[in-house]
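Hello,

Here is the structure I promised to pass on to you. Have a look at it first, and then read on for what turned up in it.

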Amino acid sequence: MAERTAFVERNTLETQVKVSINLDGTGKARFDIGVPFLEHMLDQIARHGLIDLDIECKGDLHIDDHHTVEDVGITLGQAFTKAIGDKKGMTRYGHSYVPLDEALSRVVIDFSGRPGLQMHVPFTRAVVGNFDVDLFQEFFQGFVNHALVSLHIDNLRGHNTHHQIETVFKAFGRAADAIYKRLSVNADGSRNRLWHGQPALGGQGAGACRRWSGAGDLGRQGDPRGRPRGVSRRRRDSRLHGRDQAPGLRRAGA
């Protein structure tokens, strides 16, 4: 099974950005951006999303970090879109909750083909080190505009600004991981999630849409229909036939 990789180079008057991405990676990352706090956060996406990232950026940092942060988000969104390719086997929705000490954040992604951002993070400080935290709004706005996703980010609690931001980026990586991991298709039309080309054992991953693939899959003991209590056959069958996948991608890979 071919890995989904992409390379995107984007040059403007303010920045020159290069992004290499492997959606089927292991979390390896290398950054040469010149904004240490942004690099630290991008590393969370790679590690928690099991995405290999290599990003270089030469920006007008002598002015401020704005163009660099925004253009990295734009180019990363372009790279995601290119790496996804034909979108076969993808899940449309992904979500994750991530805590860090007193902070807790939730990220929900809808691979809708329409860009949209709702970001609600009540930062308790305006800067972390020398980094203007408002720039993360610009980063995610640039990303959604070019990855064509609907992204909802909520920091539910927290008073340490570093923790607030880090939980957002970790949750983003895990929510993306739930979407971009492949699904295999069984002979009966049901789907199993694949982790690096192998069927998952046990859980389906953070925020993944559940699929009932036969007897014993989260079902009642002894129930030959293999579905959990309270889930109707109609609801189960709708999931098996890919109604939770991105528009135009139903029964993808079948």
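How many helices and strands does the secondary structure of the protein come to? The count is five helices and 13 strands. Please keep in mind that this is a predicted model.

Let me begin with the protein as a whole. It has 254 residues, and 51% of them count as buried. Its accessible surface comes to about 12,000 Å², with 48% of that belonging to carbon and sulfur atoms. If you take the contacts with a separation of 6 or more, 68% of them are between residues 24 or more positions apart.

Two helix pairs are worth a look on your screen.

The crossing here is right-handed. On the helix 1 side, the contact is made by Phe-37, His-40, Met-41, Leu-42, Gln-44, Ile-45, His-48 and Gly-49. Helix 4 brings His-162, Ile-165, Glu-166, Phe-169, Lys-170, Phe-172, Gly-173, Arg-174 and Asp-177 to this contact. Sorted by class, that gives seven nonpolar, six polar and four charged residues.

Is Gln-44 buried or exposed? Its relative accessibility is 1%, so Gln-44 counts as buried. Leaving aside residues up to four places away in sequence, Gln-44 touches Gly-49, Glu-166, Phe-169 and Lys-170.

The other pair is helix 2 (residues 66-84) and helix 3 (residues 135-147). Their axes come within 7 Å and cross at roughly 25 degrees. Angles under 35 degrees count as roughly parallel, and helix 2 and helix 3 are therefore roughly parallel to each other. Helix 2 passes helix 3 in a right-handed crossing.

Which residues meet between helix 2 and helix 3? From helix 2 there are His-66, Val-69, Glu-70, Val-72, Gly-73, Ile-74, Leu-76, Gly-77, Gln-78, Phe-80 and Thr-81. Facing them in helix 3 are Leu-135, Glu-138, Phe-139, Gly-142, Phe-143, His-146 and Ala-147. By class, this contact has nine nonpolar, seven polar and two charged residues.

Enjoy exploring, and do write back with any questions.

Best wishes

Methods
Residues are numbered from 1 along each chain as its sequence is written. This is a predicted model: local features need pLDDT of at least 70, side-chain atom pairs count only at pLDDT 80 or more; totals for chains, interfaces and linings use all residues. Side-chain values use heavy atoms; hydrogens and water are left out. Axes are lines fitted to C-alpha atoms, for helices over the stretch in contact, and angles run from 0 to 180 degrees between N-to-C directions. Helices (H or I, at least four residues) and strands (E, at least two) are DSSP runs, numbered from the N terminus. Angles under 35 degrees count as roughly parallel, over 145 as roughly antiparallel, 65 to 115 as roughly perpendicular and the rest as oblique. A crossing is left-handed if the near helix is turned anticlockwise from the far one by less than a right angle, and right-handed if clockwise. Contact means heavy atoms within 4.5 Å. Ala, Val, Leu, Ile, Met, Phe, Trp, Tyr, Cys and Pro count as nonpolar, Asp, Glu, Lys and Arg as charged, and the others, Gly among them, as polar. Buried means under 20% relative accessible area, exposed over 50%, partly exposed in between (1.4 Å probe, protein chains only). Accessible areas come from the Shrake-Rupley method with a 1.4 Å probe; for residues, only the protein chains shown count as cover.
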